[in-house]
Amino acid sequence: MNIMSRIRLYHAVLATLAILAYLTGELGIIHAWLGYGVAIVIALRLLWALSGERQIGLMRFYPSFKGLKLDNAFTHPAITRTLMLGIALSLFTATATGIAMDGGKAIGLANTDVVMTTAYADDNEREREHEEGGVLGEVHEFFANLMLAFVGMHVAYLLLFKRTLAKFMLFVPRQADEGAPVSRD
């Protein structure tokens, strides 16, 4: 598998886990397991970055504004990198705060007397659990929402200005030239 296909697969796995974790925010153990899945993918990505392959190094997230001019302002790599950095930092922070709040309970690393269900018995139970998160819970929620905003801007930017790359990352097959068969890669 070539490097771009591996990046695309990593992207799809991380995006799927992150979106599912966001959507299951009120589902207790399911949300926690998905959060730990995101943490594993992030850890693997950091290890992968240490492999030395230029396309996956952490400097890909550092926005350099060198060469930015009015005529290339919408397509300059600094925009993509700034959005990727925003996604990475907000996702990392949301994941770290989620793990800190859980303390390993969801994966059996900590003693727990919490019943692991996906539904709350009543509104009071839900409110007590929310209050237990306290400031850390608020930080977690803020960065999860911020991540979603960055993802929205990232997707919109790619669809508006880097459509070929967006189609590639979304597994849309390339169009064939003049009647040739469509490449399935």
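In this predicted model, Tyr157 has a relative accessible area of 7% and is therefore buried, the cut-off for that class being under 20%. Phe161, by contrast, has a relative accessibility of 35% and counts as partly exposed.

A further residue in this region is Thr80, which is placed in helix 3, a helix made up of residues 77-102. When residues up to four places away in sequence are set aside, Thr80 touches Tyr157 and Lys162. With a relative accessibility of 14%, Thr80 counts as buried, because the value falls under 20%.

Helix 3 also packs against helix 2, which covers residues 29-49. Two packed helices are described by the angle between their axes together with the distance between those axes. For helix 2 and helix 3, the angle is about 130° and the axes are 10 Å apart, and the two helices are therefore oblique to each other, given that only angles over 145 degrees count as roughly antiparallel and that those from 65 to 115 count as roughly perpendicular. The crossing of helix 2 and helix 3 is left-handed. On the side of helix 2, the contact is made by Ala32, Gly35, Tyr36, Val38, Ala39 and Ile42, which meet Leu91, Phe92, Thr95, Ile99 and Asp102 of helix 3. Sorted by class, the residues in this contact of helix 2 with helix 3 comprise eight that are nonpolar, two that are polar and one that is charged.

Aromatic pairing was examined next, with rings counted as a pair if their centres lie within 6.5 Å, and the count comes to three aromatic pairs. One of them joins Tyr10 and Trp48, whose ring centres are 6.2 Å apart and whose planes stand at 70°, so the pair is edge-to-face. Because Tyr10 lies in helix 1 (residues 3-23) and Trp48 in helix 2, this pair ties together parts that are 38 residues apart in sequence. Trp48 has a relative accessibility of 17% and so counts as buried.

Technical notes:
Residues are numbered from 1 along each chain as its sequence is written. This is a predicted model: local features need pLDDT of at least 70, side-chain atom pairs count only at pLDDT 80 or more; totals for chains, interfaces and linings use all residues. Side-chain values use heavy atoms; hydrogens and water are left out. Helices (H or I, at least four residues) and strands (E, at least two) are DSSP runs, numbered from the N terminus. Buried means under 20% relative accessible area, exposed over 50%, partly exposed in between (1.4 Å probe, protein chains only). Contact means heavy atoms within 4.5 Å. Axes are lines fitted to C-alpha atoms, for helices over the stretch in contact, and angles run from 0 to 180 degrees between N-to-C directions. Angles under 35 degrees count as roughly parallel, over 145 as roughly antiparallel, 65 to 115 as roughly perpendicular and the rest as oblique. A crossing is left-handed if the near helix is turned anticlockwise from the far one by less than a right angle, and right-handed if clockwise. Ala, Val, Leu, Ile, Met, Phe, Trp, Tyr, Cys and Pro count as nonpolar, Asp, Glu, Lys and Arg as charged, and the others, Gly among them, as polar. Rings of Phe, Tyr and Trp (its six-membered ring) pair if their centres lie within 6.5 Å; planes under 30 degrees apart count as stacked, over 60 as edge-to-face and the rest as tilted.
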